[in-house]
There are 4 protein chains.
Amino acid sequence: MPGKTGIVLSAAIGLAVIGAGYWGPNLVRNAQATSGLRLEYLCDLDAERARRVLGGYSTVRVSDSLEEVLADPAVHAVAIATPAATHLPVAMAALEAGKHVLVEKPLAANYADGRKLVEAADSRGLKLMLDHTFCYTPAVRHLAEIIAGGELGTIQYLDSVRINLGLVQPDVDVLWDLAPHDLSIFDAILPPDIHVTEVAAHGSDPIGAGKACVAHLTLRLSHGGMAHVHANWLSPTKIRTMVIGGSAKTVVWDDLNPSQRLSIYDRGVDRSPAGELTEEKRARTIVSYRVGDMVAPALGEREALRAVMAEFAESITQDRRPLTDGHSGLRVLALLEAASESLRRGGVFVDVKQEERV
Amino acid sequence: MPGKTGIVLSAAIGLAVIGAGYWGPNLVRNAQATSGLRLEYLCDLDAERARRVLGGYSTVRVSDSLEEVLADPAVHAVAIATPAATHLPVAMAALEAGKHVLVEKPLAANYADGRKLVEAADSRGLKLMLDHTFCYTPAVRHLAEIIAGGELGTIQYLDSVRINLGLVQPDVDVLWDLAPHDLSIFDAILPPDIHVTEVAAHGSDPIGAGKACVAHLTLRLSHGGMAHVHANWLSPTKIRTMVIGGSAKTVVWDDLNPSQRLSIYDRGVDRSPAGELTEEKRARTIVSYRVGDMVAPALGEREALRAVMAEFAESITQDRRPLTDGHSGLRVLALLEAASESLRRGGVFVDVKQEERV
Amino acid sequence: MPGKTGIVLSAAIGLAVIGAGYWGPNLVRNAQATSGLRLEYLCDLDAERARRVLGGYSTVRVSDSLEEVLADPAVHAVAIATPAATHLPVAMAALEAGKHVLVEKPLAANYADGRKLVEAADSRGLKLMLDHTFCYTPAVRHLAEIIAGGELGTIQYLDSVRINLGLVQPDVDVLWDLAPHDLSIFDAILPPDIHVTEVAAHGSDPIGAGKACVAHLTLRLSHGGMAHVHANWLSPTKIRTMVIGGSAKTVVWDDLNPSQRLSIYDRGVDRSPAGELTEEKRARTIVSYRVGDMVAPALGEREALRAVMAEFAESITQDRRPLTDGHSGLRVLALLEAASESLRRGGVFVDVKQEERV
Amino acid sequence: MPGKTGIVLSAAIGLAVIGAGYWGPNLVRNAQATSGLRLEYLCDLDAERARRVLGGYSTVRVSDSLEEVLADPAVHAVAIATPAATHLPVAMAALEAGKHVLVEKPLAANYADGRKLVEAADSRGLKLMLDHTFCYTPAVRHLAEIIAGGELGTIQYLDSVRINLGLVQPDVDVLWDLAPHDLSIFDAILPPDIHVTEVAAHGSDPIGAGKACVAHLTLRLSHGGMAHVHANWLSPTKIRTMVIGGSAKTVVWDDLNPSQRLSIYDRGVDRSPAGELTEEKRARTIVSYRVGDMVAPALGEREALRAVMAEFAESITQDRRPLTDGHSGLRVLALLEAASESLRRGGVFVDVKQEERV
């Protein structure tokens with residue numbers, strides 16, 4: 001087993017999946033397909049549920065005891081898919097047992113809990129990775145690359161719509177349920193010199209669920225730009241669209257159009273150099289328009305969770321930071337907490353705790 | 001000519017179109033095709049521009065003098081398509097000359113000016129009608145009918161997206177340019193017992209145009225619901241979508257899909273009666289889901305502006321309120337003013353002046 | 001194990017999947033998830049390939065010997081996913097060993113071979129079922145129901161487009177590769193009193209592959225209607241659309257639109273009763289148009305192959321004909337053979353061997 | 001007025017539009033907007049219909065006498081939008097009166113009639129132009145350019161779908177009504193060294209209209225490729241799609257998607273050089289796949305009929321062949337006649353009369 005010592009052993013990393021609910025089966029399936037991992041356990045308080053997930057043909061062990069699993073030296077790492085409120089105790093127990101941790105979003109139920117986990121992992125030299133699944137899609141990888149490469153120019157605005165007839169969660173509102181996707185994507189694609197300074201959130205609960213089911217999130221960016229997220233559990237149609245407007249090009253990402261997820265438009269509005277204009281013409285002609293071609297880049301079709309598993313395994317064997325490490329999880333938590341505070345305070349802008357970006 | 005006296009003459013209503021810019025040609029074309037109207041003039045300060053609009057085969061007169069046009073007794077009504085800042089003097093002159101007025105949105109540059117026009121029209125028994133064109137589309141007519149008929153149940157939320165690569169206007173920001181469409185549509189379809197109480201607006205100007213080019217508008221409704229408008233001049237793709245969520249059904253209106261503009265979904269999330277549940281089950285099962293069929297009603301394809309012209313003519317000959325009268329124009333102005341104040345004040349909610357709805 | 005005797009045992013049916021190539025893994029996965037089945041073997045000449053398919057966590061046995069598998073009394077049935085040319089020997093061996101058979105389309109490499117299999121199964125009282133997967137989708141089940149219930153009226157035409165950038169097969173042309181899907185769907189939804197009488201096929205091989213890569217198939221129906229299939233391996237975009245035109249309603253099935261696969265239009269052209277018309281008006285007014293609403297029925301999202309497996313298991317335990325039995329496979333083979341003959345003879349219409357429909 | 005003498009006068013060309021039915025109003029509108037033309041008459045046997053088309057504000061003269069119009073020396077050219085059966089007498093009369101002729105598709109009711117018109121125009125040095133409107137769209141102009149420039153490589157196949165709920169014509173079947181569009185587009189974009197050698201047509205008349213309402217047309221090209229047209233009056237949905245497959249790139253043209261009419265895919269199937277392969281590998285690996293980016297070129301939005309009018313005017317003033325001259329009309333007629341003969345003869349391939357392409 002690899003670790004701080006830098007010695008990388010060829011043997012696979014023993015993994016236990018904790019939680020056999022909604023997302024656990026996906027972790028199980030992808031862990032089994034990842035060459036660097038060896039799935040040892042599926043652990044759930046309800047052992048019967050875990051057995052059903054594994055089906056009748058599996059050699060993977062079932063356990064209803066986290067202690068048992070963490071005590072097994074064949075387990076080097078855990079992937080946690082339990083409710084957010086349990087992330088702190090489960091992940092902390094794993095870290096204290098010397099296990100690397102991959103955890104579902106959000107990292108924890110609040111920023112303070114999340115920070116404890118980050119510090120616990122850092123102090124032990126263990127990996128703490130967030131399963132920000134969308135960040136591992138070919139679309140987001142491509143977006144991150146072309147933004148880093150300057151193809152879009154300066155980012156002017158981001159607009160994300162994530163609406164569908166969704167499961168009203170018992171423990172969290174629509175922002176905590178859906179917006180982590182958008183916020184972690186923003187985190188993955190924005191250049192390092194741009195961060196979110198303030199957040200305002202508006203929400204409504206038209207069905208009397210006791211929490212916001214429709215929400216709008218406005219983010220002020222450090223360089224003057226704006227980002228917006230519309231999250232909605234009540235829409236009869238499913239929309240997963242993000243527009244990233246740049247000074248040079250603008251991308252429309254439609255995640256429900258597999259044959260053309262990304263459309264990169266050489267279209268936009270430019271500000272003409274004011275110097276060229278007489279005072280009279282200035283009012284009307286401060287802008288000019290580009291209407292060029294659109295390119296839809298060829299993207300591979302790869303299951304993102306497969307790439308998550310590979311990154312987790314690699315970050316352990318190569319003893320390096322995973323792409324979506326605990327700090328990315330903290331940045332998302334800081335945004336969610338600010339959003340919740342804005343919701344409580346009637347939609348005013350709320351400052352966002354600043355977390356390092358590497 | 002018909003009037004307050006109730007005498008309806010068979011002769012057509014003499015009309016002058018004022019303004020030969022962007023929208024004027026559409027008024028000219030539709031006025032000529034409306035049987036109850038007789039187009040007498042196209043009036044513009046730039047007579048050459050007016051001549052170009054009419055083309056080389058027209059018997060319609062050109063004038064560069066509003067006074068001349070208003071002095072002509074053959075002119076009973078005017079349709080005004082000049083910049084918003086000129087609506088007050090132009091429309092007031094027309095009303096003072098005893099002419100009925102159809103005016104482009106917004107009614108005036110601000111609420112106070114708009115009110116002067118409404119009062120001037122009311123005191124003279126003249127029609128003052130807003131060209132809220134979208135309210136005359138078959139889609140909005142159908143929406144208004146099924147909402148009034150109760151098919152959607154209680155309106156829970158409205159969400160409108162109106163984005164495209166748009167002309168950055170010299171005199172107004174994106175909210176004043178685009179949102180009047182959405183706000184007048186809301187006004188036309190919301191039941192009379194629901195009104196907007198507060199408005200918050202967030203905007204950004206990423207191209208340095210000196211005004212908001214991207215804006216988000218959140219409206220609080222009197223019964224607890226929420227409405228949202230996303231207006232954007234910088235999007236490379238054009239989107240014109242509105243979702244109207246109801247407790248019984250939800251409609252998605254995609255105005256760019258002529259073969260299926262309205263989709264009425266019998267889908268949604270319902271709150272289960274709490275009484276049926278044990279305390280334990282309550283947290284998880286307070287909601288239930290409907291997933292029924294979708295119906296796309298057959299809608300006629302009629303040019304909305306043709307219906308605007310017909311309504312204007314009919315409201316005069318029948319001496320009745322037009323569907324989108326001056327008060328609807330005032331309600332939209334009240335919302336726009338509140339939105340601008342919210343923009344200035346950093347996005348806080350601002351109370352909306354209440355205007356009668358009939 | 002159930003059988004001719006009518007005794008239905010509660011024990012699951014032991015199954016072996018034969019062939020670990022393109023489709024085999026899907027059979028393995030779905031067999032494991034089907035409660036009435038017990039997957040005993042994955043059999044492939046290349047045992048290593050079979051092992052890779054099962055992965056590192058499976059209790060299912062691998063075998064490279066068909067004989068071994070067929071000799072095992074725990075195996076009651078086989079699911080065959082080997083190349084079409086091998087269907088005859090593999091399936092015949094299974095039948096001769098007393099095993100029920102589920103076989104990939106097409107049933108065999110030609111009609112005569114297929115007939116041998118049908119007769120072998122019938123004479124032994126064994127099930128011979130075709131994996132006509134699409135026939136088990138919720139969309140086709142719904143189509144079959146509403147056609148049987150008369151909602152569409154008389155079927156007037158069918159038009160199927162199945163094009164994409166496809167794998168050019170080494171052994172078959174595009175018709176034998178893709179058209180079995182369309183032909184088996186037609187077979188499943190057409191009323192029993194309508195059958196295909198003649199077939200004409202046009203094909204081209206623009207890339208020099210040595211076989212048709214683009215093909216058009218025209219089917220004459222016994223009641224005077226027409227059906228058409230466009231199959232194409234060379235299209236850069238994927239289209240999976242079928243239109244079923246009826247005298248009362250018309251359905252458009254877009255299989256790539258998961259949120260609206262079926263659209264049922266109350267639109268069409270009707271022939272007016274000639275008697276009502278004067279001779280003069282007759283030429284122009286023999287038709288009238290309906291433009292009514294469109295309904296998109298709510299369909300479940302179920303993996304079709306899961307339903308295939310369930311039907312195979314049920315047909316065995318209940319000792320009844322499976323929905324897509326050997327005769328449906330023969331009907332498809334008769335159409336494919338006629339199509340190939342038409343291709344060879346320059347596109348003339350070729351009579352289709354008539355096979356019973358029950 | 002320009003003519004054979006080559007003298008080009010600056011005065012506009014006097015035009016009469018003949019026929020005030022379905023298409024005539026479009027000719028009137030666009031003729032009025034074309035600077036090189038001067039619309040003198042709208043001529044129809046039903047003068048009242050012509051007056052309605054012109055409306056109440058026009059200075060254009062109405063006539064119900066073709067003789068009167070042709071006798072007027074202010075008329076230099078006519079645009080004919082009468083039923084196809086009348087094209088021969090009307091156009092011939094115009095040519096004999098020394099007028100240039102623009103005529104709706106098809107050129108005439110049959111090839112022999114069409115040839116008479118071509119010869120009459122040629123012998124008099126008059127322009128005879130077909131209103132093949134689609135050939136003047138930005139999409140077809142772009143297609144013609146990139147095909148001529150070699151961007152697509154060798155054309156491998158063409159596939160056109162033109163279906164909608166259409167008007168069942170009293171005088172022609174669906175092929176003669178709709179396919180002229182596709183055939184004239186093929187004619188405009190195919191390289192000069194490729195022509196159609198044979199045509200086969202299948203049709204059906206499921207509503208008893210007395211003529212084919214659904215038809216499929218297969219065209220064999222001189223270099224071995226194939227083209228196909230699906231024309232259908234009975235489809236509840238409108239589709240206007242053409243795929244042009246090339247050895248290098250493939251274009252999908254969706255005319256109903258104004259924001260992305262042309263999609264140029266760098267995707268395809270290539271034949272590997274056989275020499276590189278061992279005999280054993282040959283069967284499987286004779287093809288390779290390209291999956292590159294897609295580009296949607298920026299196209300202007302121009303009304304095609306405006307460009308038709310401009311081309312007609314220019315071809316007269318510059319005394320040159322119009323882009324879609326009488327010979328292109330004859331080539332389309334040759335294809336339609338062959339198609340009709342194939343329909344009569346049960347779908348066999350029928351040779352196509354070869355007409356020069358310049």
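Me: What does A:Ala108 contact, leaving aside its neighbours within four places in sequence?
Reply: A:Ala108 is in contact (heavy atoms within 4.5 Å) with A:Ala84, A:His87, A:Asp113, A:Gly114, A:Leu117, A:Trp176 and A:Leu333. A caution: this is a predicted model, where local features need pLDDT of at least 70 and side-chain atom pairs count only at pLDDT 80 or more. Residues are numbered from 1 along each chain, and chains are lettered from A in the order written.

Me: Where is A:Ala108 found?
Reply: In the loop between strand 5 (100-104) and helix 5 (111-124) of chain A. Helices (H or I, at least four residues) and strands (E, at least two) are DSSP runs, numbered from the N terminus.

Me: Is A:Ala108 buried or exposed?
Reply: Buried, because its relative accessibility is 0%. Buried means under 20% relative accessible area, exposed over 50%, partly exposed in between (1.4 Å probe, protein chains only).

Me: How far apart are A:Ala108 and A:Leu88 in space?
Reply: 6.0 Å, C-alpha to C-alpha. In sequence they are 20 residues apart.

Note on methods: Heavy atoms only, no water.
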